[in-house]
Amino acid sequence: MTHPPAGVPARRRRLIAPAAGLAGLALLAGSALGPTASAVPAEDLATAPASSSKLDEAQPADRQFVAAAPTCSDEPRELPVNEFTDHRELGVELDRIERVSEGRVDVEEIGRSNRGREIWSARVGEGDTVVMLVSEIHGNEKTGTDAILDLLDWVGTSDNRKARQWRSELTIVAVPKMNPDGAELDRRGNDQTWAEVQARFPQLRGSDPAWNYYDEPRTGDDYGSAPGFDTNRDFNPDLGYVPDPDDFPGTSADTGWYITPEARTIRDLYQGLTMEFGEVDTYVDLHHQGACYVMPDDRDEFVTLSISGKFVADPATKPDYAEYADDYDLDYSKQLNVAVNRALQAKAAERPLFGNVTLYPQDIDLPGTALGSFALNGSGAVLFEVRGQTQTLGQQYRAVLTRAVYVGLDGMLSSIASGQVDRLDPDEYDAIPPRGPSIGSAEDEDEDARVLAEQRKAG
Ligand SMILES: [Zn+2]
């Protein structure tokens, strides 16, 4: 690997002349780009990757999926998850993809979880625009893992024009199961005790446990006998941060510490890619949210997916973040989300539930999340929050929700690879409807909602 010299500009905004073809002509003529417009020819879009084209057609069960019912509940239940890809199966599948791609997809162990499970990355493409895709930072949020495997399989093996464009323009680095210990336990947090943290960081011996440490039962999971941390609050925009006892226990409004091996692994990967390419263009985190959110303008319909590009306060207005103000690029994050939304809205013509996309709450300031920390470091940032976690919907709608993630990622990656993303209007992001309320019961079982509510109370 050749490393660029220090001082590489933080963002190489590409100025791309309108491409030849229909999208380019439309742009030259000054007409608005339609929701499906792209620099990729239509015949290539028709051969877009799909585990099954049936997944894009309306199905009889769709009505049941979207129809809001007062019985909706986030109350945790024991539901099967065997249809999702577990850690062992992930290893087998990544091996297979590496093999059939004839080396185009390069799989590497980039770290180990606290209980010693491999954390794998899969890298594909030779382009100088780097996109990181991370799934299962919360171990009970599993559709992103399967969507990433479908994507890797396609981009690693297809020879159509779109796949070739992705491989020549992009370097995609996916971590399909960031928190394998939590994933095996089918729960949000990792599997790590405060005593283990103190053993590694002796300076914390007199400190109270971090606020995001779970050591009693919650959302149906037994953290009493196997405590753990919400690893998605363990990030810090200061990538070289060393845990300081004065910063504990902290709150959800504060930065994290890199005390979990899982967060350190992602931080190290991010830093390595920044060294190699000058920047990580885009960072995507794949999550699930509560099962009972409805559309704001139609409370008879459930939200399929919430998305977001905003995770922290504007560094221009918050002195704590001043050093990041030059790199932070909210408009680019908005453009990336617009690309995700356009792809899903285009698919909604055939299967309407793909159109039930809303914005995740925008009034948040969470610098301890991976998205918040990396956005402050200048990456475009995209959050997917698919409907329902394993303890609420289980694997019931696994295929269609995995497909929704796939369609969104496909649209975003195509838009980055073609350069179209730079021509999208950030204001279109603000027109995506906000998430409606959670109906039914037990909203406080939605862990993210609970954390946000606590933060609003405190702030
Ligand atoms: Zn999550």
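User: How much of the protein is buried?

Analyst: Of the 459 residues in the protein, 50% are buried. Keep in mind that this is a predicted model.

User: How many helices and strands?

Analyst: There are 14 helices and 12 strands.

User: What share of the contacts between residues at least 6 apart in sequence join residues at least 24 apart?

Analyst: That share is 80%.

User: OK, the core. How many residues has the largest nonpolar one?

Analyst: The largest nonpolar core has 104 residues. M132, L133, V134, L152, I307, A404 and V405 have the most contacts inside it.

User: Which helix gives the most to this core?

Analyst: Helix α12, residues 398-418, with 11 residues. As background, nonpolar side chains in soluble globular proteins tend to be buried together.

User: What is A404 in contact with, leaving aside neighbours within four places in sequence?

Analyst: T304, L305, L344, F354 and V386.

User: Stay on α12. At what angle does α10 pack with it?

Analyst: Helix α10, residues 330-348, packs with α12 at about 125°. The axes are 8 Å apart. The angle makes α10 oblique to α12.

User: Left-handed or right-handed crossing?

Analyst: α10 passes α12 in a right-handed crossing.

User: Which residues make the contact?

Analyst: From α10, they are L336, A339, V340, R342, A343, L344 and K347. From α12, they are A404, V407, G408, D410, G411, M412 and S415.

User: And by class? What does the contact of α10 with α12 have?

Analyst: Eight nonpolar, three polar and three charged residues.

User: Now α6. How far apart are its axis and that of α12?

Analyst: The axes of α6, residues 161-169, and α12 are 9 Å apart. The two helices pack at about 65°. Angles of 65 to 115 degrees count as roughly perpendicular, so α6 and α12 are roughly perpendicular to each other.

User: Which hand is the crossing of α6 and α12?

Analyst: Left-handed.

User: Which residues meet there?

Analyst: K162, Q165, W166 and E169 in α6 meet L413, S414, A417 and S418 in α12. The residues of this contact divide into three nonpolar, three polar and two charged.

User: New topic: loops. Where does V312 lie?

Analyst: V312 is in the loop between β10, residues 305-308, and α10.

User: Why does V312 count as buried?

Analyst: The cut-off is 20 or more other C-beta atoms within 10 Å. V312 has 24 C-beta neighbours inside 10 Å, so V312 counts as buried.

User: How far is V312 from L366?

Analyst: They are 54 residues apart in sequence but 5.4 Å apart in space, C-alpha to C-alpha. Leaving aside neighbours within four places in sequence, V312 is in contact with Y321, D365, L366, P367, G372, A375 and L376.

User: What about Y258, where is that?

Analyst: Y258 also lies in the loop between β6 and α9. Phi of Y258 is near 55°, a positive value in a residue other than glycine. Most residues other than glycine have a negative phi, and most peptide bonds are trans.

User: And what is phi of D186?

Analyst: Phi of D186 is about 55°, positive although D186 is not a glycine. D186 sits in the loop between α7, residues 180-184, and α8, residues 194-200.

User: Is D186 buried or exposed?

Analyst: D186 is buried, with 21 other C-beta atoms within 10 Å. Y258 is buried with 25.

How values were computed: Residues numbered from 1 in each chain as written. Predicted model: local features only at pLDDT ≥ 70, side-chain atom pairs only at ≥ 80, totals over all residues. Core = buried A, V, L, I, M, F, W, Y, C linked by C-beta atoms within 7 Å. Buried ≥ 20, exposed ≤ 12 C-beta atoms within 10 Å, placed from the backbone. Helix = DSSP H or I, 4+ residues; strand = E, 2+ residues; numbered from the N terminus. Contact = placed C-beta atoms within 7 Å. Axes fitted to C-alpha atoms, helices over the stretch in contact; angles between N-to-C directions. Parallel < 35°, antiparallel > 145°, perpendicular 65-115°, else oblique. Left-handed = near helix turned anticlockwise from the far one by under 90°. Nonpolar A, V, L, I, M, F, W, Y, C, P; charged D, E, K, R; others polar.
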